[in-house]
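Subject: Structure handover

Hello,

Here is the structure for your files. My notes on it come after the model.

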Amino acid sequence: MTAVPRVVVSAPSSGHGKTAVAVGLLAALAGRGMRAAGFKIGPDHTDAAYLGLAAGRPGRNLDPRLVGPARVAPLFAHGASGADIAVVEGTMGLFDSLTGRADSHSTAGVAATLRAPVILVVDVGAMGQSVAALVHGFRAYDEVLWLGGVILNRVASDRHEQLLREALDDIGVPVFGALRRRDLPAALPSRHDGVVPVVHRNVEAARGVRRLGEGITGAVDLDRLVALARSAPQLGVEPWTARGESPAVAVGRRPVVALAGGPQMSYSYAETAELLTAARAHVVLVDPLRDEHLPEGTDALVVGGGLPESYAEELSANRRLCTEVAALAQAGRPVIAEGAGVLWLAREFDGRPMCGVVEATGMSTDQIVVGYREATARASTPVAQLGARMVGYKQHRGVLNPRAGQTPAWTWGGSTPEGFVWRRVHASQLMLHWAGAPEIAHRLVAAAAPAEVAPAVPAPVTDTAELPAQPGPAAAPDAQPSVSPSGEVQS
């Protein structure tokens with residue numbers, strides 16, 4: 001059971017300022033001495049990282065597609081444990097979902113699961129009384145939705161604010177704050193940098209979070225907002241626990257698992273380290289950008305999907321670490337890489353030498369591949385058994401040639417196989433949330449167990465004949481991606 005006060009911050013669509021408002025709210029509440037917790041709906045590592053920086057504890061992702069709708073509330077209860085208040089940032093528009101399942105996978109669906117009031121952030125820079133029609137439409141669209149009020153963004157003047165407040169007062173919707181154009185500056189580092197400024201606790205990142213907190217403190221009625229958060233009823237769920245999901249592996253010496261990250265956090269979702277620790281791994285962070293050596297006694301390496309592609313030059317320049325990663329893979333130790341991690345393992349990326357573990361070359365493109373995939377494992381590896389089905393997420397600009405190795409990692413839909421399996425290397429641009437597949441931690445620790453303990457996970461199966469035939473060649477250069485109605489590339 002949990003009764004943590006909570007609000008969900010959403011908007012009519014992307015671009016209204018909900019990320020800046022959510023980060024600023026957490027910074028403002030933490031500045032008041034409250035123990036705050038930040039969450040991001042969806043798979044976005046970057047927003048979750050800044051929410052965590054503002055709150056002073058790890059930001060977490062709540063993604064019904066990746067972890068299953070039933071795990072969302074328990075994961076929230078786990079991440080909010082001990083907090084005085086939680087702020088949950090939505091994804092896209094309030095009723096939007098990349099999966100097309102607005103009932104459970106949208107921000108509104110997650111808010112209903114969490115029994116949390118919603119604060120709608122509305123960019124009113126070019127709006128007058130019409131704000132009332134807009135907000136009324138969102139409130140009336142879903143009778144289950146608990147619209148607690150709005151925060152107005154990009155208000156032009158005192159007169160403009162008065163007009164907006166009167167319009168919303170006519171329909172009985174509270175206004176928790178009115179932000180002038182100057183109140184929420186573009187203070188955070190570029191999204192091009194991904195989570196790296198937070199991982200390394202850059203001055204620019206900390207300063208940006210502080211400025212957003214100051215803007216919210218001066219323009220939002222925090223007392224009233226906290227009162228709304230405290231009105232959220234108790235959630236009748238038990239908190240998720242890593243120990244309950246991943247039983248400890250019977251090993252002698254605890255295997256050392258190097259987790260790619262930096263001084264403040266890893267490039268994986270927060271639950272990854274917790275699951276590995278519960279499975280009796282000794283988790284040690286290794287910084288691909290700065291550390292020249294793997295941790296002493298490394299038995300396995302995990303490179304999460306939060307590693308940004310934009311740091312290819314720094315990854316390439318770290319030749320000593322590249323050499324050690326290649327040696328680890330050559331020795332048959334488990335290496336799991338996802339997202340940009342597979343580009344790091346490639347022979348080269350954009351003409352720069354990388355680790356050379358994967359026989360492929362990477363190249364940046366102008367188009368972004370994004371979306372969920374229901375994937376089938378094409379080999380038995382430390383990630384999954386042959387034929388296992390998992391849901392992952394792709395978001396990348398870099399493409400690999402070939403797209404898959406002799407033994408691919410995954411297939412999905414009508415696409416050609418994707419990813420690389422070699423010895424105990426599993427490398428793919430598909431990103432997984434381990435809380436949705438907690439058996440990965442168990443399998444990895446078993447595979448990483450010292451030689452004196454018989455591993456529970458066999459070497460990768462390279463014969464995929466027992467799987468149903470899949471369209472397309474077994475290994476081929478990237479097929480031409482198709483573009484969705486939203487303009488996003490599907491691959």
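This is a predicted model: local features need pLDDT of at least 70, side-chain atom pairs count only at pLDDT 80 or more; totals for chains, interfaces and linings use all residues.

Residues are numbered from 1 along each chain as its sequence is written, and side-chain values use heavy atoms, with hydrogens and water left out.

The chain as a whole

The chain has 17 helices and 22 strands; helices (H or I, at least four residues) and strands (E, at least two) are DSSP runs numbered from the N terminus. Of its 491 residues, 59% count as buried. Buried means under 20% relative accessible area, exposed means over 50%, and partly exposed lies in between (1.4 Å probe, protein chains only). The accessible surface comes to about 18900 Å², and carbon and sulfur atoms hold 49% of that; the areas come from the Shrake-Rupley method with a 1.4 Å probe, and for residues only the protein chains shown count as cover. Among contacts (heavy atoms within 4.5 Å) with a separation of 6 or more, 74% are between residues 24 or more positions apart.

Cavities

On a 1 Å grid over the protein atoms alone, a cavity is a set of points where a 1.4 Å probe fits but cannot get out; a pocket is an open set with protein on both sides within 12 Å along at least five of seven lines; and lining residues have an atom within 4 Å of a point. Grid points are joined across faces, edges and corners, and a volume is the space filled by probe spheres set on the points.

There are three cavities of 30 Å³ or more in the structure. The largest cavity holds about 110 Å³. Its lining has 16 residues, and Ile336, Glu338, Leu430, Leu432 and Trp434 are the closest to its centre. Strands S10 (298–303), S11 (335–338) and S20 (425–428) each give two or more residues to this lining, with S11 giving the most, three. By type, the lining of the largest cavity has 10 nonpolar residues, five polar and one charged. Here Ala, Val, Leu, Ile, Met, Phe, Trp, Tyr, Cys and Pro count as nonpolar, Asp, Glu, Lys and Arg as charged, and the others, Gly among them, as polar.

The second largest cavity has a volume of about 50 Å³. Ten residues line this cavity, and those nearest its centre are Leu400, Arg403, Glu418, Gly419 and Gln429. Its lining divides into three nonpolar, three polar and four charged residues.

Glu418

Glu418 sits in the loop between strand S18 (410–411) and strand S19 (420–422). Is Glu418 buried or exposed? Glu418 counts as buried because its relative accessibility is 3%. Its side chain makes a polar contact with the side chain of Ser428, at 2.6 Å. A polar contact is a pair of N or O atoms within 3.5 Å; within protein, one must be able to donate a hydrogen and the other to accept it, and residues adjacent in sequence count only if both atoms are side-chain atoms. Leaving aside neighbours within four places in sequence, the residues in contact with Glu418 include Lys394, Arg403, Trp410, Trp412 and Gln429.

The second largest pocket

The second largest pocket holds about 510 Å³ of space. It is lined by 28 residues, of which Pro58, Gly59, Gln264, Met265 and Ser266 are the closest to its centre. Among the elements that supply at least two lining residues are helix H10 (203–219), helix H13 (270–278) and strand S9 (282–286). Helix H2 gives the most, with six residues. The pocket lining has 15 nonpolar, eight polar and five charged residues.

Backbone points to check by eye

Most residues other than glycine have a negative phi, and most peptide bonds are trans. The peptide bond from Asn401 to Pro402 is cis, with omega near 0°, and Pro402 lies in the loop between strand S17 (399–401) and S18. Arg154, in strand S6 (residues 147–155), has a positive phi near 65° and is partly exposed at 33% relative accessible area. Arg201 has a positive phi near 50°; it lies in the loop between helix H9 (196–199) and H10, and is partly exposed at 42%.

Regards
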